[in-house]
Amino acid sequence: MHYGMVIDLKRCVGCQACTIACKAENGTPPGVMYTKVLDQVSGEFPNVRKQFVPVLCNHCVNAPCQRVCPTGATYKREDGLVLVDHDKCMGCRACYVACPYNNRIFLKRGKLKSGYHGKVFTPYEAVKYKEHQDGIVEKCKFCSHRVDQGLKPACVQTCPADARIFGDLDDPESKVSRLIRSRGGVQPLSEDSTEPSVYYLS
Amino acid sequence: MSRIMPLVGNEYVLGFRKQLEWSGLIASAFFFGKIGAGLFMMSVYTESRLGMLIGLTIVLGGKGGAHMLFLGKPWRFWRGMSQPGTSWVSRGLWAMTFMTVFGGAALILPAGSTLFMPLAIIAAFFAFIVAVYDGFLLTSSNAIPIWNTALMPVMCMFYAFLGGTTLTLFLTHFGIIPPSIIEPVLSTVETILLAVNLAIVFLYLITCINSGGARKKSFELLVKGPYAVAFFSLAIGLGLIFTLVMTVISGSHAGPGVVAMVTVADLIGHYLIFFLFLRAGVFKPVFGLLKI
Amino acid sequence: MKQSEMVAQKDYWAKSACKMCIHSCAIVAHVVDGVVVKIEGDPDNPSNRGKLCPKGHAGIMRLYDPHRVKTPLKRTNPIKGAGVDPMWVPISWEEALSTTAEKLKKIREEDPRKLLVAINDFHRIHIWGWGSAFGSPHYFSTVGQYCGAAYHPINGTLDGSFAAVNDYDHCKYWIQIGAGDGFSSHLHVAASIKRMADARVERGMKLVVVEPRMSSGAAKADEWLPIRPGTDRAFVLGMVYTLLYELNIYDAGFMRKHTNGIYLVAPDGNLFRNSESQKPMVWDSVAKAAREYDAEGMNLQDVALEGVYKIDGVEYRPAFQVIKDSLKDHTPERMSEICSIPADTIRRIAKEFGEAACIGSTIMLGGKEYPYRPAAVNFYRGAIGHFDGGLDSLAMKLINLVIGNIDVPGGHIGVGLDHRLLIINAGKDGMLHPEPHLLHPPYEFNEKPYSFQLMEWYPIGIDPGHLTAENVLNPEKWGFDFQPEALIIEHSNPMWNLSATNKVVDVFKKLKFIVAIDIVLNESTDWADIVLPDLSYLESHLLVCIEPPMVTGHVYRRPVIEPLYDGRDATDILTDLADRIGFLPNWNGLLNFTTFLTPENYLDPNTKYSNLEITDRMAKSIYGPDKGLEWFQEHGHTTRLQTPEEMYLPFAQKGLRIPIYFNFIKETGDDLAQKMKAAGRDWDTSSYLPVPIWRDHHPLHNMPPEYDLYAFAFKECQTNFSESTTIPWIDEAISCMPIHLGVMINSKTAQKKGIKTGDILKLESPFGEVTGRASLCEEVHPECLALSNGMSRWSQHPVGKRQVTTHFNKLLPGDVKWTDGMTGHLETSTKVKISIISE
């Protein structure tokens, strides 16, 4: 079993539903986005091209963040998920500078003292911020808590364009494997030999 | 046709992004680690116990303190020792620990103990690792190309030697540690190290000129962007050229004013150059060279 | 599950309906220990199929917004204005309601027209008429300009629909003009994005997007055609010209069978009728005679679509010939000069479109054979929100009619306002009955106007609420002899949503009493004297399903948790007020109609009914006595996919034709012209045309030359239904998206004017000025500035404000001169001059 995600750039319309669904699912504090959709405009008017590029932790097979982690807080599960044990992380941010995708987020000390409305927490935030710690590094978990229940990650579940597909990269017949084969999926920064578990179709 | 990829902040735009986490405190830790370890090594060579003690104190207090201030969860620092197999941070922590243990043991010994020198040399070996491991730490990051160069550990090593020499010179000059090496030799070493460092920094910049992508962006930040003034005037001008000129002119006859000035200038330059290297760290765009 | 049982659980998923935009996607809310921790799309719903847009997910933060109105409030600061603290104090419901009722009762007794009404809760359309039950005819909110005063009436006139969209499942060549369908807005966007993505990626549908700014839709399109704002009709008419005059591509079969294209038209533009039966006549080319359109034994193939026929010395032409003749000078070259799209491109797109239409081919669906026209033009507010917007709309319909794709597989499909699907009633002349008024019945004409929005003079339009301020401030112009004294606002924001903002503010200053019903306060309700807290959508009951393409039925909005605060359902508040003021019978009578009650469920005129009871009766009226709210609490929704019979050619099943020649519009205009003439009024009815043509006197394109750049506002998926811009999650995301960060200006244009990104600009139109931060880009037509609504807020609500507030509506006019004569749609683009205030 090797979980991975295929992101179909032809489908993505840049609506940011994934960005907000991820926020709602994980209850991340202000400024912390496990995933988001970047855009890229190229060309000059009227020959303009605009591409929407969702980014998230790539759950690399050869994960630099795991290699540089001095505490062992970052670990790799057998199903390919790269996760951070919040209780072990000491907040040195070696992983932050080692992740070529800039997908790791450090929660400053005191970060969880205020939420989206300052010191007043909404009931939702009061519940969800307990799932976080300040002074440590967090990142996309491929919604491991959902995956463990047999659900898809929140961003995949909601994506209105079905631009995100989640599945088993080890299974040659899974939808992700078939899409990677048939449409020529590419890994971001493959030149860095990180072997991301996220593939893009263009 | 395609526009040059922009350097972006928190906008949702594909582009180069600056690393924003390793900054002043990490630069301080690197700085204190290098000058402390440098002084420690020089003091072992000069057999100055006081110098060793000062060096060790700088490493523990300065570097260790900066690290503790920097860590998000400082009291979990001990967890950082668990992965020396892959993590340079772990290795650095171990090196600091061994340096402290062996150095401390040597210093506790009564004067004239035969164990002193072996212990001190072992401690100096770990001090050497403390001085250069951050170079390997930076080099090992593929993510930030301007750090990802073999020159980084070399530069760290020479800056540590330079820092150690400068401090030894200073402490000797002001009579804090006894002059076991005569000052002319020291100031010659200082001159050579300054010249070598200047050459390495120059070489480092040359490799950046002909690079592309994120390294080039970092380079531009250093030489053209917001950091250029500090980089040229303080990190290089004050830290290397001014000091070099002063050292060459005054030679071994430098008065206390000059020595103090050179020391301060060297330390400012030393701190700033690594601070600016950190601040200029730029990630590649997530798609790198890939056309999407 | 019963409400009480459901909320008693510790951990549950509750089915409900989203209300972060108008379109009511089905949702499931995850509640743990009484706290809503997640909202997802309901996977069982055939419309959105588990999908949800960003706003839908952000609903949690609206529910738990600490700035919600928690109790009734009374203003203690008599001074009102932007940035002025109203100094609210909580009061009891009794005090709030009795104070309000007392004020409004007095007004009602004096002259109910002294009450302005801004009740525009999109899901609770059944309460929109509260004002009319009170006796006030006014709409002091933008109403028709949100979406399309020039859009909905034309849909209703064409085929009894409220909205329309191309057939996601079968279309293969989709031209999208000024619309966000399938990308950013309209008709259940999360559902539509999925359908559009499937069509684009799985079926290889070609997509051409025509608009001045590269929206997310244009970004995904095979081709983006940047166009000058307000000239989309010219582009389309150039295409029609190419099809009719150069390529000879049109669906004669469809026109003969399903439209009035064969009806003979007299030289005065009216239908040629049998003098006795008054039936329209057609030309039988075999019999070489004019015959009644439904004459027995006549072969439709023989009926002329083209030609000129002399009868008793008068020349008559089939309607299609009239259309063709009306467009004979609409060459791609001429249209190109107007719209800025090259003539060759217009020709090429017309050819691709015409060829993709597969005229003559058919498809079997559900065991029945239908015409198959997999090419269609889809359009929305961007294309029609203009002076002459009615003609814009007609042109968009015409290009579809020409290839015979209306309500056929692959083509342009009507969408009902709700579960009622399309309203297909027989009209006169063998035609479908035109339904321009789906929101409320038309206003009776009167020589002297009685509604500030002049609805009585726009017999086809949707309330031009933007005229209200102008008429309140200048009552003598049309002869209003009363002035407003009070305003009731329910989930609306007239000060922000209306054009000519400064005039609207002046109206607010005149008002002696303002009562607001809402869950959070906004630019308008910051001015209220009394605020009555509503329940949020996650705390209230409603049966709703607004404009679902391909789907019919109702989604049951139910409280997913117990109400958080001392709020009451807006329907209950309005019922209570109606009772206290003394018009409960009128109100109940209106509810009978607006909640579709059947006679056995009618409300007793003098009894107060709760929203829950009304909703229960509504459910039973529509779905039968055993399907009241209890059934919905058990089963959730009644939504299902439409059958092919419901979706395709619904008018043909009833033997009715649809117009290609819009004589209904001409007749309405002629009638109005006559009445206005008799009233001695100078009123322009020249846009009531049966055939869309380009009219050069368009005021937008004839502004003084110093106003050298077009300016328009836009929204994207994150910011539609702009209430969402005060939700911190949305605010956070859009404040990272360059399109929402400043006035978008083409980099070349900016270069010529010496403007750099970040410069603070002053934008001046003849009607107002705003400041804005320049944002250079490539994604905008060089003649245009594009302004996101994401930087337009200034209310007391702390979320969503920007360092520089750029509120586009301040640049727009709000008077009759800039209003489409046919439909009452405001010209929603303007032209501006810009200068740099600071760098």
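This is a predicted model: local features need pLDDT of at least 70, side-chain atom pairs count only at pLDDT 80 or more; totals for chains, interfaces and linings use all residues.
Figure 1. Along the principal axes, the C-alpha trace of chain C extends over about 80 × 70 × 60 Å. The secondary structure of chain C comprises 27 helices and 32 strands. Of its 839 residues, 63% count as buried. Among the contacts in chain C with a separation of 6 or more, 70% join residues 24 or more positions apart.

**Figure 2. Overall dimensions of chain A.** Chain A contains seven helices and nine strands. Its radius of gyration is 17 Å, close to the 17 Å given by the globule rule for 202 residues, so chain A is as compact as a globular protein of that length. A box of roughly 45 × 40 × 35 Å, taken along the principal axes, is filled by the C-alpha atoms of chain A. Buried residues make up 59% of the 202 residues of this chain. Of the contacts in chain A with a separation of 6 or more, 61% are between residues 24 or more positions apart.

**Figure 3. The largest nonpolar core, with C:Leu785 as one of its members.** In soluble globular proteins, nonpolar side chains tend to be buried together. The largest nonpolar core in this model has 435 residues, and C:Val240 and C:Leu785 touch the most other members. Helix H1 of chain B, residues 24-46, supplies the largest share of this core, with 13 residues. When neighbours within four places in sequence are left aside, C:Leu785 is in contact with C:Leu709, C:Ala711, C:Val743, C:Met744, C:Ile745, C:Leu763 and C:Val832.

**Figure 4. The contact between chain A and chain C.** Here 36 residues of chain A are in contact with 43 residues of chain C. On the side of chain A that touches chain C, two or more residues each come from helix H1 (17-26), strand S2 (36-44), strand S3 (47-55), helix H4 (123-128) and helix H6 (154-158) of chain A. H1(A) gives the most to this side, with seven residues. The residues on this side of chain A are 19 nonpolar, eight polar and nine charged.

**Figure 5. The contact between chain B and chain A.** In this view, 38 residues of chain B are in contact with 44 residues of chain A. Helix H3 of chain B (residues 88-108) gives the most to the side of chain B that touches chain A, with four residues. That side of chain B divides into 17 nonpolar, 14 polar and seven charged residues.

**Figure 6. An open sheet of three strands in chain C.** Strands of a sheet pair through backbone hydrogen bonds, either parallel or antiparallel. In this sheet the order is S11-S15-S14 of chain C, and the pairing is antiparallel. Strands S11 (264-265) and S14 (309-311) of chain C stand at the edges with a single partner strand each, so one side of each is left without a neighbour in the sheet. S14(C) pairs with strand S15 of chain C (residues 314-318) over three bridges in the antiparallel sense. C:Ile311 has C:Val314 in S15(C) as its bridge partner. Helix H11 of chain C (residues 319-326) lies across S11 and S15 of chain C and runs at about 90° to S15(C).

**Figure 7. The hairpin of S12(C) and S13(C).** Strand S12 (residues 281-284) and strand S13 (residues 289-292) of chain C pair over four bridges in the antiparallel sense. C:Met281 stands opposite C:Glu292 in S13(C). Four residues lie between the strands of this hairpin, in which C:Lys288 takes a positive phi near 50°.

Figure 8. Most residues other than glycine have a negative phi, and most peptide bonds are trans. A:Leu189, in the loop between helix H7 (175-183) and strand S9 (198-201) of chain A, has a positive phi near 50°. A:Leu189 counts as buried because it has 22 C-beta neighbours inside 10 Å.

Methods:
Residues are numbered from 1 along each chain as its sequence is written. Chains are lettered from A and ligands numbered from 1 in the order in which they are written. A nonpolar core is a set of buried Ala, Val, Leu, Ile, Met, Phe, Trp, Tyr and Cys residues joined through C-beta atoms within 7 Å. A residue is buried if 20 or more other C-beta atoms lie within 10 Å of its own, exposed if 12 or fewer, and partly exposed in between; C-beta atoms are placed from the backbone. Two residues are in contact if their C-beta atoms, placed from the backbone, lie within 7 Å. Ala, Val, Leu, Ile, Met, Phe, Trp, Tyr, Cys and Pro count as nonpolar, Asp, Glu, Lys and Arg as charged, and the others, Gly among them, as polar. Two strands pair if DSSP finds at least two bridges between them. Axes are lines fitted to C-alpha atoms, for helices over the stretch in contact, and angles run from 0 to 180 degrees between N-to-C directions. The radius of gyration is taken over C-alpha atoms; the globule rule is 2.2 Å times the number of residues to the power 0.38.
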